[in-house]
Amino acid sequence: MLKLQRPDPNLVRVSAARFISRAGGEAAFFVGIWGKATYDLNSTPGQLALLMGVMGVMALLGTTVAGLLVDRFDPKRVMFFGEIAFVPSAIAPMFADTMEQMTLSIAVLSLVSMVVYTSVASFPPYLTDDDEKLKGINGALESAGNLAFVAGPAIGALIVKFGEIDQIFLFDAITSLVAAALILKVKVRDLVPRDGLDSERKPKRSAIREIKEGFAFSYSKRTIRLFITTSTATWIAFGAFGAVEPLFYRDVLEVGPETLGWVNAIFGLGMITGSVLLVKMPERLMTARSVVIGVTLSGLCAVLYSGTADLRVVALGAVVWGIVLGVLFPMSRTLTQRATPDGMYGRVTGAVNVHAHIGELLPLTFVPALAALVGVQAVLVGAGVLLSVLSLTRYREANRVDAMLPVTHQAHEGEVGRDAAHLSPEDEPISPVV
């Protein structure tokens with residue numbers, strides 16, 4: 001008789017916490033923040049770009065601090081206290097009556113939310129020491145997050161339809177409390193620092209030194225450098241969308257704030273499909289080349305999504321784009337974790353995310369003026385084209401990185417130790433410049 005394998009209770013709890021917390025966050029962002037700023041407070045492109053810029057700057061700070069905290073403590077404790085701290089920051093936007101007040105309240109919310117996000121992204125290697133299982137754990141957490149990407153905006157749309165936008169922020173606060181309760185019973189494994197980087201760590205070691213160490217290691221590892229650059233390119237395009245996408249719905253599609261929720265829910269369905277496909281994907285396709293191809297396809301999907309004024313085409317673009325990103329994000333994260341030694345997961349995750357936020361911030365300096373000159377839709381289409389072009393410049397480097405992967409596969413088979421895979425001779429130190 002076939003026996004079903006019992007799911008890991010720790011992974012179930014983290015996945016549930018991830019789903020509930022992100023559902024509130026996605027409702028708050030896509031319908032609450034964007035909806036209130038665009039429709040209730042009648043924001044201009046410049047005001048919306050400033051809001052997104054402040055969010056990005058505070059996210060940089062939150063990500064950097066969270067990476068250090070995860071390595072000093074563990075993702076469980078960082079996530080728990082982060083969720084508790086998030087509650088008052090989630091409620092604050094309810095009382096904003098001007099864009100200035102809204103921007104100030106969102107600054108605090110963004111800081112704390114990135115602490116939570118970085119802790120969740122760092123969880124998989126704390127749940128297993130088996131590199132082969134990392135893909136499945138990342139896929140499970142990504143599926144939970146993507147399911148929240150469907151549920152959150154849809155719930156936000158329903159709240160707007162039958163209530164008020166401000167009630168979404170209260171919903172976000174409640175979901176954080178539930179997530180904090182779920183994470184309490186999670187057990188994480190004890191990590192032994194690797195590669196000699198942290199073997200002499202002292203309890204009162206300088207935080208700045210540890211943060212610098214995380215960036216230096218990320219820059220010195222060829223595999224991680226590649227994923228930093230591809231991630232940054234992806235978020236440059238996302239930054240352009242973040243600056244003016246709500247105006248695309250208001251001025252080009254001419255629809256209400258609830259449509260932001262419904263279309264992003266459809267986008268989330270695509271991401272769920274993609275994360276499921278990743279779990280079933282053969283190991284031979286888990287390559288740097290696949291990541292670069294995924295980024296190229298992401299740019300083309302952005303063009304499909306924003307290239308017309310037909311809501312049906314927008315919805316189709318959202319589904320296809322979601323599928324691509326549902327594979328791309330956890331694949332890139334898994335490969336990065338495989339290239340990272342114990343004791344460095346939080347700071348490496350933080351370094352990758354910091355560059356992503358920098359990429360997201362760059363378009364905010366010129367996109368509002370460009371949108372006023374050529375139009376919102378032209379900016380979004382151009383961002384997709386630019387992403388595809390930029391990603392193709394990394395294909396040759398992806399081939400070089402993939403040439404190193406057999407070392408890692410041997411480690412999976414027990415021919416060499418995990419540390420040996422991390423200390424591949426292909427990884428020569430370079431100066432910390434991307």
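The paragraphs below go through a predicted model, from the whole chain to single residues.

In this predicted model, local features require pLDDT of at least 70 and side-chain atom pairs count only at pLDDT 80 or more, while totals for chains, interfaces and linings use all residues. Residues are numbered from 1 along each chain as its sequence is written, and side-chain values use heavy atoms, with hydrogens and water left out.

Of its 434 residues, 57% are buried. Buried stands for under 20% relative accessible area, exposed for over 50%, and partly exposed for values in between, with a 1.4 Å probe and protein chains only. The accessible surface of the chain is about 18,100 Å², and carbon and sulfur atoms account for 66% of that. These areas are from the Shrake-Rupley method with a 1.4 Å probe, and for residues only the protein chains shown count as cover. Among contacts between residues at least 6 apart in sequence, 87% join residues at least 24 apart, where contact means heavy atoms within 4.5 Å.

In soluble globular proteins, nonpolar side chains tend to be buried together. Here the largest nonpolar core has 78 residues, and Val244, Tyr249, Tyr305, Trp321 and Met331 touch the most other members. Helix α9 (residues 222–252) gives this core its largest share, 12 residues. Another core, of 15 residues, lies apart from it and includes Met79, Val120, Ile137 and Ala179. A nonpolar core is a set of buried Ala, Val, Leu, Ile, Met, Phe, Trp, Tyr and Cys residues joined through side-chain atoms within 4.5 Å. Beyond its neighbours within four places in sequence, Met331 contacts Leu278, Met281, Leu285, Met286, Thr287, Ser290 and Val291.

Leu141, in helix α6 (residues 131–162), has a relative accessible area of 5% and is therefore buried. Not counting residues up to four places away in sequence, Leu141 touches Leu11, Val14, Ser15, Arg18, Val120, Phe123 and Pro124.

Ser122 sits in the loop between α4 (99–121) and α5 (124–127). Its relative accessibility is 0%, so Ser122 counts as buried. The side chain of Ser122 comes to 2.8 Å from the backbone oxygen of Thr118. Outside the four neighbouring places in sequence, Ser122 is in contact with Val70, Pro75, Tyr345, Gly346 and Thr349.

Two packed helices are described by the angle between their axes and the distance between the axes. For helix α2 (residues 45–72) and helix α8 (residues 207–220), the angle is about 100 degrees and the axes are 10 Å apart. The two helices are therefore roughly perpendicular, a term for angles of 65 to 115 degrees. Axes are lines fitted to C-alpha atoms, for helices over the stretch in contact, and angles run from 0 to 180 degrees between N-to-C directions. Thr64, Leu68 and Arg72 in α2 meet Ala207, Glu210 and Ile211 in α8.

Two loop residues remain. Asn42, between α1 (9–40) and α2, has a positive phi of about 50 degrees although it is not a glycine. With 55% relative accessibility, Asn42 counts as exposed. Glu254, in the loop between α9 and α10 (257–280), is not a glycine and has a positive phi of about 55 degrees. Glu254 counts as exposed at 66% relative accessibility.

Technical notes:
Helix = DSSP H or I, 4+ residues; strand = E, 2+ residues; numbered from the N terminus. Polar contact = N/O pair within 3.5 Å; in protein donor to acceptor, adjacent residues only side chain to side chain. Parallel < 35°, antiparallel > 145°, perpendicular 65-115°, else oblique.
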